[in-house]
Amino acid sequence: QVQLVESGGGLVQPGGSLRLSCAVSGSLASSNLMGWYRQAPGKQRELVASITTMGRTNYGDSVKGRFTISRDNAANTLYLQMNNLKPEDTAVYYCNVKEVRPGMLNNTWGRGTQVTVSS
């Protein structure tokens, strides 16, 4: 069974940068989509960015041009480079993977890592 563990969150000043990592344990299906989501207090969880196994990316409108998603398939790790952070980026960030397996679609979440942007 696949498990996801996020790291790299913390407190950063506006305009600063952070790099989140998501370590994957277990064997991913060859067809999968990995992504980062976030949830701020009182708000719904939203997509930050996603990436296919072939490296095709998709970003939420609010992070385009500031965040970069990448993955190292050999190391089973997903990354999110966040630059020019804003207070509205404050949220719990979750790693997610959707896998297509015979007869089923698996949807796995990590426990999240807190990102706080404040002066």
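**Exercise 1. What volume does the largest pocket have, and which residues lie nearest its centre?**

Solution. This is a predicted model, in which local features need pLDDT of at least 70 and side-chain atom pairs count only at pLDDT 80 or more, while totals for chains, interfaces and linings use all residues. Residues are numbered from 1 along each chain as its sequence is written, and side-chain values use heavy atoms, with hydrogens and water left out.

The largest pocket has a volume of about 180 Å³. A pocket is an open set of points on a 1 Å grid over the protein atoms alone, where a 1.4 Å probe fits, with protein on both sides within 12 Å along at least five of seven lines; a volume is the space filled by probe spheres set on the points. The lining of this pocket has 13 residues, with Arg38, Ala40, Lys43, Glu46 and Glu88 nearest the centre; lining residues have an atom within 4 Å of a point.

**Exercise 2. Describe the aromatic pairs of the structure.**

Solution. The whole structure holds 2 aromatic pairs, where rings of Phe, Tyr and Trp (its six-membered ring) pair if their centres lie within 6.5 Å, and planes under 30 degrees apart count as stacked, over 60 as edge-to-face and the rest as tilted. Tyr37 and Trp109 form an edge-to-face pair, at 5.0 Å centre to centre and 65° between the planes. This pair links Tyr37 in strand E4 (residues 32-39) to Trp109 in strand E10 (residues 104-109), 72 residues apart; strands are DSSP runs (E, at least two residues), numbered from the N terminus.

The rings of Tyr94 and Trp109 have centres 6.4 Å apart and planes at 90°, so this pair is edge-to-face. Because Tyr94 lies in strand E9 (residues 91-101) and Trp109 in strand E10, the pair ties together parts 15 residues apart in sequence. Tyr37, Tyr94 and Trp109 form one aromatic cluster.

**Exercise 3. Is Trp109 buried, partly exposed or exposed?**

Solution. Buried means under 20% relative accessible area, exposed over 50%, and partly exposed in between (1.4 Å probe, protein chains only). Trp109 counts as partly exposed because its relative accessibility is 32%, whereas Tyr37, at 17%, counts as buried, and Tyr94, at 14%, counts as buried.

**Exercise 4. Which residue has its charged end over the ring of Trp109?**

Solution. The charged end of Arg45 sits over this ring, 4.5 Å from its centre; the rule requires NZ of Lys or CZ of Arg within 6 Å of the ring centre and within 35 degrees of the ring normal. Arg45 also lies over the face of Tyr94, at 3.8 Å from the ring centre.

Technical notes: Helix = DSSP H or I, 4+ residues; strand = E, 2+ residues; numbered from the N terminus.
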